[in-house]
Amino acid sequence: MRRLALALPLLAAGFLPGPGRADVVFVVNSMDPGIQVVDAATRAELRQIPVLREPHHLTLSPARDVLLVGDSGGNEILFLDPATGEVKKRERIANPYNLEFSPDGKLLVVTGLRRDQVDIYGWDAPTMGLNLLGRVKPGDMPSHIAYRPDSRFTYITLQGSRAIAAIDLETRQIAWTLQVGREPAGIIWHNGKLLIGIMGSDHVAVVDPEARRVERTIRVGRGAHALFPSPGGGPIYVTSRVDSRITALDPVSLDVMRVYDVPGGPDCLSFDEQGRIWATLRWNRQLGLLDPATGEVSTSLVGRSPHGVLFRNWNMQARNEAPAAPLAR
Amino acid sequence: MFDEIIRLYDSFTSWLFQAAVQPALYAAGMMEWADDAFSWMDFFVFGVVQVLVVYAVCRPLEAWRPVERWEDRRVVQTDVVYTLLARLGLLPLMAFVILSGVQAQIAGWIADLGWVAPNLETLIPALESQPLLAFALYILILDFGEYWRHRLQHTLPWWWALHSIHHAQEKMTFWTDDRNHVIDDMIAALWFGGLALLIGVPPGQFPLIVLILRVAESLSHANVRLSFGRVGERLLVSPRFHRLHHGVLSAGESGRNFAVLFPFWDMLFRTGDFRRDVFPRTGDPEAMPSLVHGGWWRQQVEGTQRLIATIRGSG
């Protein structure tokens, strides 16, 4: 009986399994600031998690049982239960702007955009512990993160240096840097290449990390920003903040397949299991939902300057399965 | 209604950013500053809002019950120039942006040490879930800082050399609030912005706090015969309360009524004057004519010369 009494408020808030249990979307509002948990079906706010200063990005732990949110202005990382939104732990971390686990799940790389630093942490899953292994100063405004699949190298975009830096995760030293274009932002590893959104221009730069050169550019729209491979080897979606669009690239040829106009400055994306795309619209304080099949976009109001976003499917959480979709970056 | 105002404001800033600011940043090759520009665009919009709000509140009051009437309003126009230069928030913005970079380094370094930086929410964790209370506390602390800055402006000779420009105005209106030497403005911005960062004012709340204090300060300078009553006079600074501070007998080190928003500080430090139910003439009898009647540039030059002379000991 007592358990039921405890569970009722959670059931009411939609955080426990039950008939008609809703999927949720985590939205990180950088200027309100806070984390909103939104019912994916109704768009109603289920929960608001206050954050100290200025959160931007989020990532799931390798076991997908902890959601980490970086509060760059507040100098802390919040550790949330992705099923309930409950704050499990807060830890003092210097300027965590962006954060991502290595493919082998052993390391967490954190970029400090305002402190021009990249921190490499060891991850202890049982205690949710972060152990600082090394700090690298690769250049001006380190922003987004990618990895080589074997976890040997991490690649960081340097927005103020027009470059990317490859950091050797064994030696924790800069292996090489490469000029790629004005204000590089998003970066992903794709079929042995690095794809980089050149925010100060209108294209994606394709970099061969072995030859260390830009081998191709793909025009997607002004303010090319972040890239998101869709589940199951589908198209790669690229956001452009100035032209306010999302561009679908063929995953093999990297040719432009389709362009979706999405007003409001689309930034981060997350996919649901129907293949729809949840997008934060930075300048309109909106959460957008794009159906790539029809091109239809619907929006709902969230907090100011929404940035990171993560769709979580309840069934997936209940089974603790890894999502097919990549995380918002 | 409040939601509707926020919605309108968001629509406007969203349009302004996407139509003008972001394309300009893109063209200038400064897209790495887009996030910051979006935050700080609020300053400019708030500056415009400040002028409009202050004008809408104060001008009808001045027309309704003026303390003084003047035929020649040229010196008032000089104060309008001061306001337009200062109210767009450029000086506080500069101080805050510069200090933000420094603060990010310092706060990050402190975080590395594992020590919790001294802001209100970490000192009082309950405030994390009470943003309105935290907001009120920020205002209270910043107002305390403003009280002491204002006292020092009157106490330190070199600072009074600058601040006397503010007190030289014999035709005080709500525009007079911004009648300050640029060096004085810069010191004020560093003082205010530095304290805001020290106590951890969230960047998103900073412009709103500035707006509240600015509106209160403008109203307190208005040429209006308005008192808030026996109790109200002790809760908020009124035009009557602040006019006593600007009265000819109150200029310089013998000043009274230094508070900006809450007269409580004057009560606490025994500098409050609640007894005289009068609306005195304003101005500084010792001010040079150029400080009284000169234009913006003349007053700036004069203020700088007075500062140098005071520092050299010949002022």
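Predicted model: local features only at pLDDT ≥ 70, side-chain atom pairs only at ≥ 80, totals over all residues.
Chain A contains two helices and 28 strands, whereas chain B has 14 helices and zero strands. Followed along its sequence, chain B reads α-α-α-α-α-α-α-α-α-α-α-α-α-α. In chain A, 53% of the 329 residues are buried; in chain B, 41% of the 315 residues count as buried. The contacts within each chain can be described by how far apart in sequence the partners lie. Among contacts in chain A with a separation of 6 or more, 42% join residues 24 or more positions apart. For chain B, the corresponding share is 70%.

The chains also meet one another. At this meeting place, 28 residues of chain B are in contact with 31 residues of chain A. On the chain B side, helix H1 (2–28), helix H2 (34–64) and helix H4 (90–113) each contribute at least two residues. The residues on that side comprise twelve nonpolar, eleven polar and five charged ones.

Nine of its eleven residues are buried, so helix H7 of chain B is largely enclosed by the rest of the structure. The buried residues are B:Trp159, B:Trp160, B:Ala161, B:Leu162, B:His163, B:Ser164, B:Ile165, B:His166 and B:His167. Their cover includes several other helices of chain B, namely helix H6 (131–155), helix H8 (182–198), helix H11 (239–246), helix H13 (289–293) and helix H14 (296–312).

Attention now turns to the strands of chain A. One open sheet in this chain is built from four strands in the order S4-S5-S6-S7, with antiparallel pairing. Strand S4 (55–60) and strand S7 (87–92) of chain A stand at its edges; each has a single partner strand, so one side of each is left without a neighbour in the sheet. On average, and ignoring direction, neighbouring strands of this sheet are turned by 20 degrees against each other. Strand S4 of chain A and strand S5 (residues 67–71) of chain A run antiparallel and are joined by four bridges. Here A:Thr59 stands opposite A:Leu68 in strand S5 of chain A.

A:Asp208 stands opposite A:Arg213, a residue of strand S19 of chain A. A:Arg213 is exposed, with 12 other C-beta atoms within 10 Å. Although A:Arg213 and A:Leu178 are 35 residues apart along the chain, their C-alpha atoms are separated by 7.2 Å.

Most residues other than glycine have a negative phi. Because 20 C-beta neighbours lie inside 10 Å, A:Asp116 counts as buried. A:Arg172 likewise has a positive phi of about 55 degrees without being a glycine. The loop that holds A:Arg172 runs between strand S14 (163–168) and strand S15 (173–179) of chain A. With 15 other C-beta atoms within 10 Å, A:Arg172 is partly exposed.

Finally, there are the nonpolar cores. The largest has 93 residues, of which A:Val25, A:Phe26, A:Val69, A:Ile164, A:Ile196, A:Val204 and A:Val238 touch the most other members. Strand S1 (residues 24–29) of chain A gives the most to this core, supplying five residues. Leaving aside residues up to four places away in sequence, A:Ile164 touches a set of residues including A:Tyr155, A:Leu158, A:Leu178, A:Ile187, A:Ile196 and A:Val207. Another core, of 18 residues, lies apart from the largest one, and B:Tyr147, B:Phe241, B:Leu261 and B:Phe262 are among its members.

Note on methods
Residues numbered from 1 in each chain as written. Chains lettered and ligands numbered in written order. Contact = placed C-beta atoms within 7 Å. Nonpolar A, V, L, I, M, F, W, Y, C, P; charged D, E, K, R; others polar. Pairing = 2+ DSSP bridges. Axes fitted to C-alpha atoms, helices over the stretch in contact; angles between N-to-C directions. Core = buried A, V, L, I, M, F, W, Y, C linked by C-beta atoms within 7 Å.
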